[in-house]
Structures are given as structure tokens and as C-alpha cells.
Amino acid sequence: MPPLLERLEPGRRAAALWSALALALALAIAGLSAAAPTIEKRLDSGRLTARGGQGFEMALGSLAAAPFSVPGDAVGDSHEQQSRLELFEDGRPLGPAHSLHQDVDSVGSGAYSHWGKALLLSTSDGTDPRANGREYRIRVQAGVHPTLWWLFLIATVAAVYLIVRQSDPRHFRIVFLRLDDGWGWSAAFVIACVAAALLLLLRDWATARTVSLSAAGLLPFSDALGYWSCAAEIAGTGDLTQLADWCGKRLPYTTFLAAAMGLTNWHPHLIYAVQALVIALAVAALALQAARLTGLIGGALVALLLLAYANEHALGTTMTEVAGLTAGAAGLALLLQGSERARPFVLAAGLALLSIAQVSRSGAMLILPSVLLWTVLVAPRLGLRRWSATGMAILALSSGFVLQQGLAQSLHVKSGASFGNFSLTLYGLSVGGKGWAQAYQDFPELFNTVADSSRNPQASSVGPGEALLEHATPVTAMAPAPPRQMKVAGAGRSPTPPTPTRGEGDLERAPGATFTVKDLGSAYTAVYALALSNIRRAPDVFLGACLRALAYYPRYLFDFAPWTPHSWQYLKGLLILGLAWCLYHWRSPVGLLLLVMIIGEAASAPLIITDGGVRLFAGSIRVRVLLAALGLRVIAALLWPRQTALGNAVTPRQARGAPTVAVTAGALLVGLSILPATGLLDFARLPAVTAPACPAGEEPVVARFDRESPTLALAMDGQAGTIFPLVVSQKRLLAGMDGLWFAEGFGALRPGATMVSAFRRESDNLAHGCGLFLEQRPAWLTPGTLVRACVAPNDYVTIADRPYLRVRSLAPVQTSGSGGRSQESGPAGSPPEPRRAERLASDADVAGQSTFRLGAAPGDSIK
């Protein structure tokens, strides 16, 4: 017998042996999971059978031998999208995966579904895969058999139980009940969260993983590109004229991003790092506060889940989820601290941050009246006068709306489009749950799009379906337009809007209604009026759509968790136990706060979940995470009642770290949001330059690569990838996209291809945006180089539904303070009237000997 065991008492000796065996079993299963193989297989097209329409089916059988398995999708909340199988056609990824079977048959276009042990697929062009001569391959990461995961759970719980049963009560209290957040623990949590966030960001760049709507975690497109473009114009010019209506909807995040651009000297990697830092501080604050309620293990779970959510929807992208997650987590930490110690100013700060979270990332808005009700109910228990506490809460909860309006006034932006997206969602629900895009299909005359990207490749790409209206146009509602297919940008594992079960075509319009459309805000107002008219005429249709949408809420509570769908059930179980704890302690301010907040989120779910999934809950996601952590405390109390009683008898010390870290995160977010309106960001202004002339038939585009114009390049064959600048292999880029709807365009590119989201610097196009495409990045093009690209308006490629102008020649641009002339032969032409004369550079010299000529065949288009 080992000497260490000989020193133990017989009872503890047996417990140590059993816990060691349980831990060994758990570690063995975890090791098997890490060693799970990746399976690649060529499909035998002769075994495919036609399903009718464009669909074909093939039996796959068991793809992995025991103890591994490759599960397919199946019926059930946690099994609907559990398959990780990828399908390739001649090396190019097909998708979307997890498609409805009727979509595979009727829509096709590469849609497929791994259902059970069968594969349902369609080809990219609707041809017969048995006769088109193409090769179809599958790739899937195997996993440990679910039975072994249950053994892992049982072994882990048994080991923890046996170890804790013999542990010191003080250690038990720290791990499971309450962690007094002294400065040492606070520093440990902050360092761990910041390091984890930055490492996740570096991993995204190194592996070319696409985050939300940013390719390889750096190149934005769709909505992310819209926010980047708006922020760049604010920081670079001090104005917001391009896409002003669209950007004005959620200004707190846009101005925060603009401040980050200016303070980092426009370095994209540092901009994303600043976002990661602010997110990590907010996560650390809430994790510390959770540790005061649930112990070290509960705080660690909160940090892990919130960082996992950020990894899916906030880190490495420029979406409003950044501000929603940061303000929401910091606000809840302050609310919990204020309710514990009855500190009115801390409560007010927490309420204000909750308001900013919901304004920045519109989502579960019903949380705001819920916390107002909570303030009214708990004010006497906190030693506050009810009316004064109510007034304080109303003022604090209006902070987000005041901030939005104040920023709009300072930037001279109309705020009528604020919260306009909800009008589209409400209209979709009013006609039976057809989704936010239905209003665009039924009322195209309401939305005069900025530019049709298929005809004008120089148009700046905004989010799907977003529109700006340039002229006041009276619109009369008529009969509904015929439905048409729309490609809608998805994010992660968002649910598909439910299909209405009855016809509601007669509800789509109010015949004879006339609206005067002046801008995007008035268009949204018209959609609100139409939606409310539908609801008044047929409330049963609206309620039915809401009930169908509500069914999705419990299914996707934890689909951002970094584990398999089976683990989501464990987290849901913990959440239920956390709810039980809150119901038992409903008289306490903390218990009642969490109850009203989860009720507010659940009540908001039918109105938003089908149009964006879990990412729309960025401002409230921390509530369900904290409830899951409380579930761990309930389990500890049930398993070890004696240690729990001893731990609860200890009087907690006053919190130190959590409120400090939360205030720091909130102050950084709000302070940076206000900074562009103060004039203190003027040092970051970007001067316009006079663009040197291009050959006849071509137009100049002046931009600075790898700065305000983020750039992504594909590595040449045999070339190693780099992070600064971002150069990635195409294989890694496609693997990081994981079959998303836009992956096909990137799959058609060749090695060396370079994509740029250009922020134009010409005097007559300052702050305009366009996409640039290079066949190969020249060696002299270092990060931060200001260049002149010559492009032809009709020569472009289309990637991710955005046109990228093909660059025909490229040359560096040098600016100076004297009256220099271009070194290129021929006159540069007279400069046009500058848009901002006070910021116009006096000249622009081009080094002709460095001109990089790019051969291209015009008219190519990558779909």
C-alpha cells in the first residue's frame, strides 16, 4: 500500500481509493474524446437514390467503430442539429447543413441533411449526382459514444462527492457556496478572463475561423461591414452621412467602435483586441459576483459559458452583440452587488447599464419593465423609500435611450430608425410567423435600396435587406406581391422560422392605406402601422405565431455551450434547479431579481427568437448562465447538507473586486461611446487625397490596406499563413466557415486572392466604401500602405453576396505638404472640389516604378 494511503484513516482510505478510480475513469473517457478521429470518405454515387425533385438519399451506416460514434440529426430538442458532417462537391463545401427535407427536395442548391444514418443531399446546380461526373466526399469529426459520456458524468460526480465529503468545510464553502472576492481572487479572475478572450481571438485568426459575420475573425461583411463602415466614417471624418439612417439605429456600439479605431491608430487587430478586453472585464465582473453566490465552481461556469457565447457572437466581429454582452454582464454584476448591500448608486449604475445593453443590442426589451417592477417591490427591504427608488429606477433605465438620442443629435443623425428592425419582426408575426424578411417581399415600394449590388459593384454593402430611402415617396398599399426566395444571413445555429399552418395572405396588406416615405424611419413606421392593423384584424393569427415561436426558446437556451448537444440538457437541468432556488428565496432581492429577469426574457422570446436566434439575447444571456451556476449550489446543498450548513453560517465579507471590475468595464464602454461626440477624437481624422488618374475606362480607388480597410489574403501554395497581416490557407478558411451560407463564394477563389473592404480616401469619395479584389497580394504591399487601385465599374467578383471590384493595377501613394506632382506619366488631372477642404491633403504622389499590374478577364463573377 502506498505510504500516503497508510497515513489515512480506514474510512478516508476507502474514499480516496474510490475517488481515484472514479477520476481515472473520467480522465480515460476525456482522453478518448480528445483522440476521436476525423473521418473522410468518398461517396459512391451509384448507391444514391432519387427522392423526387432535386433530392437524393444514401444510407451511410455506422461511420465510426466503437467506442466512437457519428450521430446524425434526429427528432428532439437537443438532437435536431447535432450532426457535424460536412459535404463537399469536387472539394467545394455544400450547404446549408441541417436543411429541412422538403428544402433539399424542392430548393436544392447544395442543401443537405445528415438524418440518423442516412444522408439527404442536393447538388449545387440541380444536376443528377449519379451522372454529372463530380466527386462527392464527406468529412466529419467522430465523438465518444453517448453512453460513455453518461459514465463520465457519473464518475466525475462520484469522485467529487467522495473528495468533498472528506474535505475541510472552509474549502467546501469557497468551492461551492461563497467566494469572498478579495483582491487576489479578483486579479486571478480578471487575468484568466482577459487571457482567455485574447487567446480565443488569436486562435480565430490562426485557424481562420469565421465568427458571426466576419470572415477569419477579421474581414467583416453584411451587417458587420455596415457597422465597421459607419464607425470608420465617424472616426475618420467626424460626420455620419453614408448609411446614416441605418447606422443611427444603434449608435452606442457604432461610436464605441469608432473610438476604438481612433485610439488604436486604425489597426484592425488592436481594434478587435480592445473589444475583447472590454468583454473580458465584464465577464470577470459577473463571474466574481456569481462566485459570491455559488462558490468558485459556479463563478468558473459563468465565465466559461459567457466566454463561449462571446466566442460565437462577439469576439472577432463588429456586431452590436459586443456592447450588449458587455453592458448586460457588468450591469447585472452591479445589480447583484447593490441588492446585497443596499447601495442606491450601485443599483442605479446597474440599471443604467442594463438599459444601455438593450438599446445597443435590441433583444429582450421586456427585461427593462421587469427590473423596474423589481425595484418597486424590493425597495423597502433595501431600506429605500419606494417612490424615490422608483424615480431613480426610471431615470436609470432611460439612460440607454438618452445616450442613443444624444449621440444621434451630436452626429446630426435622424433617430427615427431606432428599433425599426422590430417593426419587421412584428409584421412577420402578424401574418403568421413568416419572418422579418416578409415585409420586404410584400412592400418593395416602401424600401428604396441604396444600390442594387448586382448592378452597381461600387455600392457599399449593408446588412441583408437593409435599405435607405432617398426621396419622399407616397406609397399606397395594394394587393400582396408574389413571394420570392431570399437568402437571409444566418448566424450560428439560429432556429428556422416556423412555417404558418394556415393561409394568411389576406392579412399582409391594408388595401388603400397610404404612407409618405421620407427615410428609413418613416418606412419602419409604416410597417409598424401595417403590423398593428393585422393584429387588430386577426389577433389569433398573431398569438398563434407567438406560441409557435415560444417553443424555440427552451430548445436553444444553451446552444452556444462549447460541448455536444447532449450537454445542453445538463445545463438546462442546472437552470431548472437554479429557478427552484430563486422560487424558494423569492423574498430575497437576489432571488426575486433573477426570477423577474428570466420571466422578462422568456416573454420577449416569441418576438425575436425566430429572426436571429440566441445572438439577439446578448443583453440578457447572463441571466440563464447565472441560474445554471445556482443549480450547482443546489446540488451541493443536496449532496453535502452538513458542509452547506457550516458554510452558510459564515458571515460574508464586503465585496471588493466585482463592483470595481464591473464599473471599469461599464465606464470603458460608455466612455468610448461618448468620446466621438466630444471632439477628443479629432486626432484620428483621415485626410482626403487627390486621386492620381487611371487609364481610360478605369477609376481610381485610394485606400490604406490593413488599417481602416481590413484585408484578408489567401496563402499561395506552400506559403505559411500569418496573422499580421492576415494570410490564411483556403482549406482552413473553408473549414472555419463550417458550411455557412457564404462559404461557397470563398471556395471558388484561387490561392493568393486578396479581399479588401476599402474605406475610400479620394477627395470626391471620402468615406465611401467598396470591395476590392486582387488576384495576388504584391510583396511590397506592407500593412498600412496607402495605395491607388485602378478598377473598372463592371469588372468585379461576387463573394458572400457582396461585389468586389477587380483591381487592374496598384501603386503606392505618397502624400506631402508641398506642391509635388505625380511621378506617373501624363497629367493627373485637376482635382475635384474636395468634400472637406480643411482636411484635404495638398497633393498625392505616386511612385510609378512600383506600379503592380494585375491581369484579369473582365466580367468574371464568383457566386
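Glu135 is partly exposed, with a relative accessible area of 30%. Here, "partly exposed" sits between buried (under 20% relative accessible area) and exposed (over 50%), using a 1.4 Å probe and protein chains only. The model you're looking at is predicted, so local features need pLDDT of at least 70 and side-chain atom pairs count only at pLDDT 80 or more, while totals for chains, interfaces and linings use all residues. Residues are numbered from 1 along each chain as its sequence is written, and side-chain values use heavy atoms, with hydrogens and water left out.

**Salt bridges**

What does Glu135 pair up with? Glu135 forms a salt bridge with Arg42. A salt bridge means a side-chain nitrogen of Lys or Arg within 4 Å of a carboxyl oxygen of Asp or Glu. Arg42 belongs to strand β1 (residues 38-42) and Glu135 to the loop between β8 (118-121) and β9 (136-141), so the pair ties together parts 93 residues apart in sequence. Helices (H or I, at least four residues) and strands (E, at least two) are DSSP runs, numbered from the N terminus.

By this rule the count comes to 23 salt bridges. Here are some of them:

| Pair | Closest N and O atoms |
|---|---|
| Arg42 and Glu135 | 3.2 Å |
| Asp682 and Arg685 | 2.6 Å |
| Glu775 and Arg806 | 2.4 Å |

Now for the backbone. Most residues other than glycine have a negative phi, and most peptide bonds are trans. Ser109 has a positive phi near 60°, and this residue is found in the loop between α3 and β7 (112-115). Asn265 also has a positive phi, about 60°, and lies in the loop between α9 (251-263) and α10 (268-313). Ser109 is partly exposed at 44% relative accessible area, while Asn265 counts as exposed at 52%.

As for cis peptide bonds, one joins Gly95 and Pro96, with omega about 5°. Pro96 lies in the loop between β6 (92-93) and α3 (101-106). Another runs from Phe724 to Pro725, with omega near -5°, and Pro725 is in the loop between β16 (711-714) and β17 (727-728).
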